Amino acid sequence: MTATDNIQDHGHDHAHDDHGHPSDRSYVMIALLLGFLTAIEIVMFIFEDDLPGAFNKIGLIALMIVKFIIVGGYFMHLKFDDNILTKLFLAGLVLAVGVYWIMLSAFEFSFWNDGYEDTGFWDGQVEFEQRIEDQSS
Amino acid sequence: MASATAVVDEHAGHDDHGHAETNTGISNNKLAMWLFLSSDCLLFGALISSFLLYRTNISDGTEFEGPGEVFDIPFTSLSSFILLMSSLTMVLALSAVNRDDERSGRIWMLCTAFLGMLFIGGQVFEFTEFAGKGLGYTTNTWTSAFYTLTGFHGVHVSVGILMLLGTVFGTRNSGMGKEKSETVELVGLYWHFVDIVWVIIFTVIYLIPIG
């Protein structure tokens, strides 16, 4: 690469800056898209009773994941930066989701119904606490 | 004006992105920030899963019938939109600094801090409303989990505001030109992470109905 090439590489074009990142206009469009997705989420919440429960939950989670990926990919520049940063971030994210999924499973938590209340977990807890009280008295 | 040779010299020891040469090709500061954000996923994972576990545990002897009774979704939606827009102003600040447009960079960073303060103000208002309805930190495990999760997020936003203001006012003498772009980028990464966490909290805690 010549010195002239180097200078040209550092010039600006309208679509991307010299880091290969999107232009300001693109950032505004991305933010508007995020706002639009949030509006869809709110509409889904308002019409919650008219939508099947599972559809509503799956839809909201899907929108959440899309917003997560857009912010991470474009605003945090993971799409443009070295892959090692994406892997590093995903490592923490996957570890967190995995560990706490296991923890919630251990408590027989289910996202698709009322949670642990249907499992009798708290009945067992109450019995356990009663036993402890009986033993101490 | 810098000569062509000066430009080449300036980039000695740096890659095409102007980053310092390291084994990974990424500056140590940036790698450390990503490592911190990655570990912070575990903190928020613990808080979110605790909330999920206790989300139906509202029996407290009071007349509180559940989150649907106290959540003000239009208000929280506005707060969420404000935080999303603060991510836009943050990324515009970085873009300006990368163009060596110091003045715009400072203005966008101050806008970001202001939007962050609006968000925090909204959170304080929400907490005050809840307290007014008799929901204290120890009222039941739902309120404990809720205040802990959203409170920790609020602390993260507050730290982000301090980082933004610290960067804007701490560089008054040294300038905030292109050479400071990595500093602004690191503050931005933290800020966007806080935004991402709120994206999850808003959906999982506020929007997804129980049952």
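The following questions and answers concern chain B of a predicted model and its helix α7(B). Local features need pLDDT of at least 70, side-chain atom pairs count only at pLDDT 80 or more, and totals for chains, interfaces and linings use all residues. Residues are numbered from 1 along each chain as its sequence is written, chains are lettered from A in the order in which they are written, and side-chain values use heavy atoms, with hydrogens and water left out.

Me: How many helices are there in chain B?
Reply: Helices here are DSSP runs of H or I with at least four residues, and strands are runs of E with at least two. Along the sequence the pattern reads α-α-α-α-α-α-α, with zero strands, and the number of helices is seven.

Me: Where does α7(B) bend?
Reply: Helix α7 of chain B covers residues 181-207 and reaches 37 Å from its first C-alpha to its last, close to the 39 Å expected at 1.5 Å times one less than its number of residues. The bend, taken as the angle between axes fitted to the seven residues ending at a position and the seven starting there, is about 25° and lies at I201(B).

Me: Why is α7(B) largely enclosed by the rest of the structure?
Reply: Buried means under 20% relative accessible area, computed with a 1.4 Å probe and protein chains only. In chain B, buried residues make up 55% of the 211 residues. Helix α7(B) is largely enclosed because its buried residues number 25 of the 27.

Conventions:
Buried means under 20% relative accessible area, exposed over 50%, partly exposed in between (1.4 Å probe, protein chains only).
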